[in-house]
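Let's take a friendly walk through a protein model, one stop at a time. Have a look at the picture below, then read on.

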Amino acid sequence: MRWRPPVTARAGGLGVAAVSYVAVDYLRYLSPAWHSWLMPALWSVLALVAVARAPFYRHWAVEFRSVFPFVASMIFMLSTFLFEALSVRSVSAVLGLDWHSDTPPLPDSGQWFLLALNEKLHPTLVEILRAHIIGLHHFLMLFMMLAFSVLFDSVKAPGLGLGARYMFTMAIGRFLRAITFVSTILPSARPWCALARFSVPAHPHPWLQKYYVPYASDPAAIRQVINRDIAYADVGNYIGDYRPDWGSMSFLIDFLRPTTSEEGSWFNLLKKAGGGCNDLIYSGHILVAVLTAMAWTEAYGGFSSAVIWLFVLHSAQREIRERHHYTVDCVVAIYVGILLWKMTGFIWSAKDASSRSKRLSRLEKIHGRLIQAAKDSDMDNIRELLKAVETDTPESHSSSSSSGRVRVRSRAMWVFASATILSALTVVFLALTWTTDG
């Protein structure tokens, strides 16, 4: 049978919790004193509610089967983050600081449109559009709340399956993003960014001194290199770069371009990469926001999904307004996120056609035992058999001979449940701590 949200989901409890979280966190701008104790209190309440509900959750066996996809998706996502950080530092360093300061931003119709709206709209509405209502850490927390709501049967189990799909989709999106912005290097909408955040050489990489600089601005040189299809210019002696001893990782020097003022390993440079100082098409923040909205819409639905999408649009216009991204970055991130989410339904889906076939298969296996239990008027046995079909818990033909195995399995599920809840809450805490600054 098709899974439908229970009464608790339709009542909107999860939506109320989500909006309350965003509202309470916005108090950091309105009343920092209230925020300093209300926000930890809200986190504590949510964590305690999840822990208290865990013993009554009926789908730990299903969650256990999703552990491998969940862990594999997490490793894949962290690997793509590392690749993305390397790419961000590379595109910010390869052309040198002089290029960043001398190259003007691209013309952006979205920026012009928002500036024009500021003159037409009521000042209160403009202030709402400017307000930092929603950020990256909010969208991550909203997804965490959605995944934890499986404990209350508000979202279809397994929650780890939903998390695996979210991370796998994000990993693909971040990988595609990295190869996109590396392919063509575009100037930042904030020309001062690189000088303020990066300590890289002022001159371009020697490779670009040969293949880019002589043909960067002279129309005649550009026409000639097109006709010849060869780098014909004599650039003389290249300006070299500082080359520290990174051992087996020294090949990264050409990508990261460290300077004498930057001490430490290659990994320390990657940690400083942040969002980069080029136009990183498409927006990673908006990708996370769209994936959260897509997950919320499919798994929970209702009016709260519309609110989440409004948060996405507000975040997108603020990215453009504050010139963290061009309009094209946000537009592309929206449709890429939607399409990628649609493509990864094989990991987890609220449309349970496969679950229905599995239930029917399990029902066929116990068909004879159900009939015998009905003839014997054994209602307790009927309930146990139907519960096994619903929760996918295998039933033994001889309960007396398998009672020991059931107890062992029950203890194992308790250990797994405790480890899952503890690990999930730790991940939530780390995610919020590392992304709270945006």
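## Starting at A233

Let's begin in the loop between α13 (219–228) and α14, where A233 has its place. Helices like these (H or I, at least four residues) and strands (E, at least two) are DSSP runs, numbered from the N terminus. A233 is partly exposed, with a relative accessible area of 26%. For that label, buried means under 20% relative accessible area, exposed means over 50%, and partly exposed is in between (1.4 Å probe, protein chains only). Not counting residues up to four places away in sequence, A233 touches P214 and Y215; a contact here means heavy atoms within 4.5 Å. A233 and V213 are 20 residues apart along the chain, and their C-alpha atoms are separated by 9.8 Å.

Some ground rules before going on: this is a predicted model, where local features need pLDDT of at least 70 and side-chain atom pairs count only at pLDDT 80 or more, while totals for chains, interfaces and linings use all residues. Residues are numbered from 1 along each chain as its sequence is written, and side-chain values use heavy atoms, with hydrogens and water left out.

## The whole chain

How many helices and strands does the secondary structure of the chain come to? The count is 22 helices and zero strands. The chain has 438 residues, and buried ones make up 43% of them. Take the contacts in the chain with a separation of 6 or more: residues 24 or more positions apart account for 80% of those.

## The core and its helices

In soluble globular proteins, nonpolar side chains tend to be buried together. In this model, the largest nonpolar core has 72 residues, and L142 and L146 are the ones with the most contacts inside it. A nonpolar core is a set of buried Ala, Val, Leu, Ile, Met, Phe, Trp, Tyr and Cys residues joined through side-chain atoms within 4.5 Å. Leaving aside neighbours within four places in sequence, L142 is in contact with A18, Y21, V22, I134, T292, W296, I308 and F311.

Now for helix α9 (residues 136–148). Is α9 enclosed or open? 13 of its 13 residues are buried, so α9 is largely enclosed by the rest of the structure. At 1.5 Å a residue, α9 should span 18 Å, and its end C-alpha atoms are 19 Å apart, which agrees. The expected span is 1.5 Å times one less than the number of residues in the helix. Helix α2 (residues 13–30) passes the check too: its 18 residues should span 26 Å, and its end C-alpha atoms are 25 Å apart. The buried residues of α2 are L14, G15, A18, Y21, V22, V24 and D25.

## Where α8 meets α17

Helix α8 (residues 123–130) and helix α17 (residues 303–321) pack at an angle of about 90°, with their axes 9 Å apart. Axes are lines fitted to C-alpha atoms, for helices over the stretch in contact, and angles run from 0 to 180 degrees between N-to-C directions. The two helices are therefore roughly perpendicular to each other, a label for angles of 65 to 115 degrees. I128, L129 and R130 of α8 make the contact with H314, Q317, R318 and R321 of α17.

Also in helix α17 is S315, which counts as buried at 6% relative accessibility. Leaving aside neighbours within four places in sequence, S315 is in contact with I134, F139 and I286. S315 and L136 are 179 residues apart in sequence, and 9.0 Å apart in space, C-alpha to C-alpha.

Most residues other than glycine have a negative phi, and most peptide bonds are trans. Against that background, the peptide bond from A157 to P158 is cis, with omega near 5°, and P158 is found in the loop between α9 and α10 (159–183). The bond from I281 to Y282 is cis as well, with omega near 10°. Y282 lies in the loop between α15 and α16 (284–299).

Which value does phi take at D153? D153 has a positive phi of about 60°, although it is not a glycine, and D153 is partly exposed, with a relative accessible area of 24%. R323 has a positive phi near 60° and is not a glycine either; its place is the loop between α17 and α18 (327–343).

Key: Parallel < 35°, antiparallel > 145°, perpendicular 65-115°, else oblique.
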